[in-house]
Amino acid sequence: MAFVQRLFSIWVELTVSKSLLISGVVLLLTVSGCKVTKPSEKALSHLSTSYAVDDIGYCYGHGCQHKGQVSLSEGQWLEIQKLFNAKKLSPAEERQAITVAIGRIEHIAGQQNGTDKDKAGTFLSDVGDRQLDCIDEAVNASNFISLIERGGLLRYHELREPQLRSWVNGNILHATAVLEQVSGKENNTATMWSVDSSFFKNGEKATVSPLEKWQTGWVPEGGVN
């Protein structure tokens, strides 16, 4: 009987603790008004428009705790350029080329920085300091896109500041790189796009979706938030 009473006591404690946690989260979001829309200034400080093909800053270790470097060879950069120059692309095709380019640069970065075992999603334990979280991914993807943009490879899109989404559909806060379509008419009405490289493991192409849809908690099929 004492054992059963102890189990019941533990269950009550856990229930109360969970209720307090949920209440705390709700209170936090109420006080903040869910106005958090971008990563911290510290994270954003790692964005740069001065990186060169052979010297790109690279965040890892959760929240840019560690900073490495990516250096693309002439041949590797030529392969990236071919994604955009092989043929005349539509706006949608240009977005897809960006996602492939991010995956390829991330693969190179993994080999050079020891982050090639980076798992899909944000793993906070048992992976060491070579794991990337969504802040690392959003900053890196933004810097990769900036390099592509400054290389004159984009016709229809311009890079914008990374964005956050709040606690939606049970998902934790999450960050993404952002593109704005500035030219080229399409049937859809979206002009702001999420480019998220965190849903899949190192070297996989990034995902692209309308930013408004991404903000609702969207996760691609097979992806890990």
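1. A disulfide is taken here as a pair of cysteine sulfur atoms within 2.5 Å. The model under review is predicted, and a search of the whole structure finds 1 disulfide.

2. Which residues does the disulfide join? The bond links Cys 59 to Cys 64, with an S to S distance of 2.3 Å. The torsion about the S-S bond of Cys 59 and Cys 64 is about 95 degrees, and the disulfide is therefore right-handed.

3. Are these cysteines buried or exposed? A residue is called buried under 20% relative accessible area. Cys 59 counts as buried because its relative accessibility is 1%, and Cys 64 counts as buried at 5%. Cys 134 is likewise buried, with a relative accessibility of 8%.

4. Strand S5 covers residues 192-196 and is mostly covered, as 4 of its 5 residues are buried. Strand S4 (residues 174-181) runs antiparallel to S5 and is joined to it by 4 bridges. Within this pairing, Val 178 stands opposite Ser 194 in S5.

5. S5 is also joined by 4 bridges to strand S6 (residues 207-210), and these two strands run antiparallel. Here Val 195 has Val 208 in S6 as its bridge partner.

6. Asn 85 belongs to helix H3, which spans residues 74-85. Exposed means over 50% relative accessible area; Asn 85 counts as exposed because its relative accessibility is 51%. Asn 85 and Leu 154 lie 69 residues apart in sequence, while their C-alpha atoms are 9.7 Å apart in space.

Technical notes: Residues are numbered from 1 along each chain as its sequence is written. This is a predicted model: local features need pLDDT of at least 70, side-chain atom pairs count only at pLDDT 80 or more; totals for chains, interfaces and linings use all residues. Side-chain values use heavy atoms; hydrogens and water are left out. Buried means under 20% relative accessible area, exposed over 50%, partly exposed in between (1.4 Å probe, protein chains only). Two strands pair if DSSP finds at least two bridges between them.
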